[in-house]
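Thanks for coming, everyone. Let's walk through one structure together, a few residues at a time.

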Amino acid sequence: KSMKKFFTLIAAAMMVAGANAQKEWNFSNWEQKTFTATETIEGLTVSASAEASVVIDGNNKTVDDVKYTQRLKTGGTGSADARTLSFDVPGNCTITVIACSSNSSSDRTLNYAAGTFDAVFTTSIAPAGAPVKTSVNYEGPATTLYLSSASGGINFYDIAFTPTGGTNGINNINVAPTANENAPVYNLAGQRVNKEAKGILIQNGKKFINSNK
């Protein structure tokens, strides 16, 4: 039993290490296509519809000595169902975006939301003209982040996030919870769950693994 628990802990630690790794989507490496329905590629969800398509096409730009040959064009203002990009993060992280407005004479506002499309926690500017690199910080639990334009199309060349650790990072895994045994129990998505739920759980601010043996 103890050996089985040990291997469960090792597997969980490996899972956490993978979740905490940096992730990047360079659209120069994607297949040129037109999204007319929502699709997830390499962990990045592209929300689109027949009426609000998203396009990957050729476009040569250089930012910080990195050459990009393609871009992702949202083609318009984002919504909960279309022209929005979303991805999961393990907690505190820095999001880096290389983008510009699709209008050569008008800046666009890029919204960053956590948990739901409408829960905007910060914004940045996608400028008219050449694309620029912009970084913003997210501080909170593991969740899904949503990137969308507040008005008009945005051209994306690269999106990445780098976990920054902090109080929301999974630094210690305990075999069992301590302190108040009747305290609420949550999963890594911040949802309240039954104490018997399987996986990595949080109680009294501490993380523990319940393998339900």
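**Val 54 and its surroundings**

Start with Val 54. Leave aside its neighbours within four places in sequence. Val 54 is then in contact with Lys 33, Thr 34, Phe 35, Val 46, Ser 47, Ala 48, Leu 72, Lys 73, Thr 74 and Arg 83. Keep in mind that this is a predicted model.

Where is Val 54 found? Val 54 is in strand β5. Is Val 54 buried or exposed? Its relative accessibility is 1%, and buried means under 20%, so Val 54 counts as buried.

Now take one partner from that list, Leu 72. In sequence, Val 54 and Leu 72 are 18 residues apart. In space, their C-alpha atoms are 7.1 Å apart.

**Further along β5: Asp 57**

Stay in the strand. Asp 57 is also found in β5, which covers residues 54-63. Asp 57 has 17% relative accessibility, so under the 20% cut-off it counts as buried.

Which side chains does the side chain of Asp 57 meet in polar contacts? One is Arg 71, at 2.9 Å. Another is Lys 73, at 3.2 Å. Leaving aside neighbours within four places in sequence, the contacts of Asp 57 are Gln 32, Thr 69, Gln 70, Arg 71 and Lys 73.

Lys 33 lies over the face of Phe 35, at 4.7 Å from the ring centre.

**Aromatic pairs**

On to the rings. How many aromatic pairs does a search of the whole structure find? The count is 7. One of them is formed by Trp 25 and Phe 87. Their centres are 5.1 Å apart, with 45 degrees between the planes, and the pair is tilted.

This pair links distant parts of the chain. Trp 25 sits in strand β1, residues 23-26. Phe 87 sits in strand β7, residues 84-89. That puts them 62 residues apart. Trp 25 is buried, at 1% relative accessible area. Phe 87 is buried too, at 2%.

Here is a second pair. The ring centres of Tyr 112 and Phe 121 are 6.5 Å apart, and their planes stand at 55 degrees. Why is this pair tilted? Planes under 30 degrees apart would count as stacked and those over 60 as edge-to-face, so 55 degrees makes the pair tilted. Tyr 112 is buried, at 1% relative accessibility. Phe 121 is partly exposed, at 30% relative accessible area.

Now the strands. In general, strands of a sheet pair through backbone hydrogen bonds, either parallel or antiparallel. Here, 6 strands form an open sheet. Their order is β3-β4-β7-β12-β9-β10, and the pairing is antiparallel. Which strands stand at the edges? They are β3 (39-41) and β10 (120-126). Each has a single partner strand, so one side of each is left without a neighbour in the sheet. From one strand to the next, the twist averages 25 degrees.

Look at one pairing inside the sheet. Strand β9, residues 108-114, is joined to strand β12, residues 143-149, by 5 bridges. Asn 111 stands opposite Ser 148 in β12.

**The whole chain**

Last, step back. The protein chain has 1 helix and 17 strands. Of its 213 residues, 42% count as buried. Finally, take contacts between residues at least 6 apart in sequence: 64% of them join residues at least 24 apart.

Technical notes. Residues are numbered from 1 along each chain as its sequence is written. This is a predicted model: local features need pLDDT of at least 70, side-chain atom pairs count only at pLDDT 80 or more; totals for chains, interfaces and linings use all residues. Side-chain values use heavy atoms; hydrogens and water are left out. Two strands pair if DSSP finds at least two bridges between them. Helices (H or I, at least four residues) and strands (E, at least two) are DSSP runs, numbered from the N terminus. Axes are lines fitted to C-alpha atoms, for helices over the stretch in contact, and angles run from 0 to 180 degrees between N-to-C directions. Rings of Phe, Tyr and Trp (its six-membered ring) pair if their centres lie within 6.5 Å; planes under 30 degrees apart count as stacked, over 60 as edge-to-face and the rest as tilted. Buried means under 20% relative accessible area, exposed over 50%, partly exposed in between (1.4 Å probe, protein chains only). A charge sits over a ring if NZ of Lys or CZ of Arg is within 6 Å of the ring centre and within 35 degrees of the ring normal. A polar contact is a pair of N or O atoms within 3.5 Å; within protein, one must be able to donate a hydrogen and the other to accept it, and residues adjacent in sequence count only if both atoms are side-chain atoms. Contact means heavy atoms within 4.5 Å.
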